[in-house]
Amino acid sequence: MSLHQENILLVDDDVHILELLQRHLQTLNYHTFKAVSVKEAMTILQDESIDLLITDLKMPGVDGLELVKYVSEHYPTIPKLVVTGYPSVDGALEVMKSGAMEYLTKPFTKEELKLAVIKAFESRPKRVASKSEKPKDIQSYGELIGQSEAIKRVTEIIDRVKDNKATIFIKGESGTGKELVARSIHYLGKYASAPFIAVNCGAIPENLLESELFGYVKGAFTGADENRNGFFQAANKGTIFLDEIGNASLATQSRLLRVLQEKEVTRVGSQKIEPVDVRVIAATNSDLKELIDKGRFREDLYYRLTVVEIDVPSLQERKGDISLLTDKFLFKYGVEYKDKLISIAPDALAVLERYNWPGNIRELENVIQRAVIMCDKQITMADLPENLKHHISFPEYDNELLPLKEIEKKYILKVLEATNNNKSQAAKILQIDRKTLSEKIK
């Protein structure tokens, strides 16, 4: 099902309420932006077309009532829904006088929220969809390929965020194409002519990551023979993509938090503050909430990174796109290695579409690349690796003693089969996280 046209901005310093609101609204198929302060909310309002404001009243610093007043005068067509845990008759009157349309008291049910949102939208003229907002039945979108419902949902969100600088968090398994999503956001939007800087935080040693991100001055450390810009300065006016953000040290996370809050950086070894105008897109295949519980990732940084979240589907969730992706890689490597177009036999393609691809698109690309090298004019069954082909499972015998690793593997495969290869459900049954399950499958 396609997303509703409307964009909803959620503002609350209580991150648990913020998550609850987002979860409820996502199940109702609304697209949301999140802010943990009035200051962040104002930045999003300036950059994005917002159709409904849902805000808490009691917040540290500038409270929600001030935000309601601000929006009423600067964005008079945006309806406002106030959520508060401190209801009073006088408070309700003041909120309504300030321009709020609806008033919702904590705790509230999903149904109460739904009715309040519908009522708020009824108070304003319906937005007329532009051509770009109509559902797309396309095979390519920027660098993304596919027409499955799973990938369409990703492209719909990209359409919402490509022309603003809201911070975006991309999550998904390794090999699903998170960087392609980031590149599509940048190069399909109005900032396409500005720099796009991709940084793999997992590939840079921890003791060098800070200086690589923020730059350094001469003499800051041994080997710092000159002043040098960091990736943030290089990405000024454009986009910086921080892949595997979960690998950043707590010290680096603290500095990154300041960049997001104040839009400024300080080079290593310097006290001079430098303003930067950068859209930050972060990504990981790790469970950041698990890292937060272990004290290895800052919770306040997590909520500032996740203003907008994009969940990139695994290849298993979009098997209908395998044929299109295969065509893309056949063209790419056919021209590169054979200087001609290479085709694939129908039975070989059927094997590709049957396989579950634990390594996702990256694994599919590697298989096609190898097959193109090995084949003549067409990829046949003989050119595919053995692990993709049908295997016979012989019955186990009670008296057969197997290594623990082999028993674990067989049980994992059994659970995957029982859950119809639903990795999230299987990981829950096995009581391990999804990343660990993917590693064990490999």
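Start with the cavities: the structure holds 2 of 30 Å³ or more (sets of points on a 1 Å grid over the protein atoms alone where a 1.4 Å probe fits but cannot get out). This is a predicted model, where local features need pLDDT of at least 70, side-chain atom pairs count only at pLDDT 80 or more, and totals for chains, interfaces and linings use all residues. Residues are numbered from 1 along each chain as its sequence is written, and side-chain values use heavy atoms, without hydrogens and water.

Select Val259, Leu260, Lys263, Val276, Val278 and Val280, which line the second largest cavity; lining residues have an atom within 4 Å of a point. Its volume is about 40 Å³, the space filled by probe spheres set on points joined across faces, edges and corners.

Next, go to the second largest pocket, with a volume of about 1,300 Å³ (a pocket is an open set with protein on both sides within 12 Å along at least five of seven lines). Select Lys171, Gly172, Glu309, Asp311 and Arg434, the closest to its centre of the 46 lining residues. Then colour helix 6, which gives the largest share of this pocket's lining, 5 residues (helices are DSSP runs of H or I, at least four residues, numbered from the N terminus).

Finish at helix 13 (residues 322-338), where you will find Phe331. At 53% relative accessibility, Phe331 counts as exposed (over 50% relative accessible area, with a 1.4 Å probe and protein chains only).

Notes:
Helix = DSSP H or I, 4+ residues; strand = E, 2+ residues; numbered from the N terminus. Buried < 20%, exposed > 50% of the residue type's maximum accessible area, 1.4 Å probe, protein only.
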